[in-house]
Amino acid sequence: MQRFLALLTWLAFPVYVWQGLGVRRRTTRMLPAQGPVMHEISGQAPAVSLLMLGDSSAASVGIGNSEYGLAAQLADLISKRTGRAVRWRAAGFNSATSGQIRDHVLPNLSADPWTHIVLAIGTNDTKNFHSVPRFKSDFGGLLYALRAKWPEARVVWSPVLEFTRAPAMPPLLGKILEIRAAEMNRMGERLCLERGAVPAPRLPITDAEAGFASDGFHASEAGYRAWAEHLVDLVLAKEPRLA
């Protein structure tokens, strides 16, 4: 049934284009947060090395300072949970898709010994109306490339969020994109399980007013904190806490 609905969304493509253009006209394009994209938190050895890779969420778009972004807040939680030193880097880019991260970002990242990699990717693949087969090729290729470059790292993927909960989304457009997001997430989970990554549960949005930034699409500081809290246990699974 869900796949049938996804096929029907192609019939709604003119609505997607019309309402999407309206959202773009009304919404201010926000820039990545100011502040460091790399940082270290002191603690005990061995250190956790965290790479946050993906789209505008990985770049902390929606807030003013990167210290309240997803990468920094997740690193802070990891440090507090484990007592370990944490070294983190955020490699996130506005409007990035899975294919762009695979082809243009990953090859240019130095092969630093990251122990944990978190992927925040898929929203733009969905928003840009990429087909599921295209997402399979792009996201699947990204997972292969990550496994080849960092075979020992724990890779966690945070799936596409609920479009219907974003305040900037008109109800019909949100519903169209949500149907497609469900298919993307289904494929993404399958690819993760096949290719040595861990699919996270979808982030529950309990307070959209507090969780979204002023543009009604990106996360606020509170939203990034809730996102980090949602991911931290899964990222640290099998990691012992230090005394």
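**Rings and charges: a quick tour**

Okay, let's start with a charge: Arg180 lies over the face of Phe129, 4.2 Å from the ring centre. "Over" here means that CZ of Arg, or NZ of Lys, is within 6 Å of the ring centre and within 35 degrees of the ring normal. Arg87 does this with Trp114, at 4.4 Å from the ring centre.

Quick word on the source: this is a predicted model, where local features need pLDDT of at least 70, side-chain atom pairs count only at pLDDT 80 or more, and totals for chains, interfaces and linings use all residues. Residues are numbered from 1 along each chain as its sequence is written, and side-chain values use heavy atoms, with hydrogens and water left out.

Now, ring on ring. How many aromatic pairs does a search of the whole structure find? Four. Rings of Phe, Tyr and Trp (its six-membered ring) pair if their centres lie within 6.5 Å; planes under 30 degrees apart are stacked, over 60 edge-to-face, and the rest tilted.

Take Phe163 and Phe217: a tilted pair, 6.4 Å centre to centre with 40° between the planes. Phe163 sits in the loop between β5 and α7, and Phe217 in the loop between α8 and α9, so the pair ties together parts 54 residues apart in sequence. (Helices, H or I with at least four residues, and strands, E with at least two, are DSSP runs numbered from the N terminus.)

Buried or exposed? Phe163 is buried at 3% relative accessibility, while Phe217 is partly exposed at 22%. Buried means under 20% relative accessible area, exposed over 50%, partly exposed in between, with a 1.4 Å probe and protein chains only.

Lastly, Phe135, Phe139 and Trp157 form one aromatic cluster.
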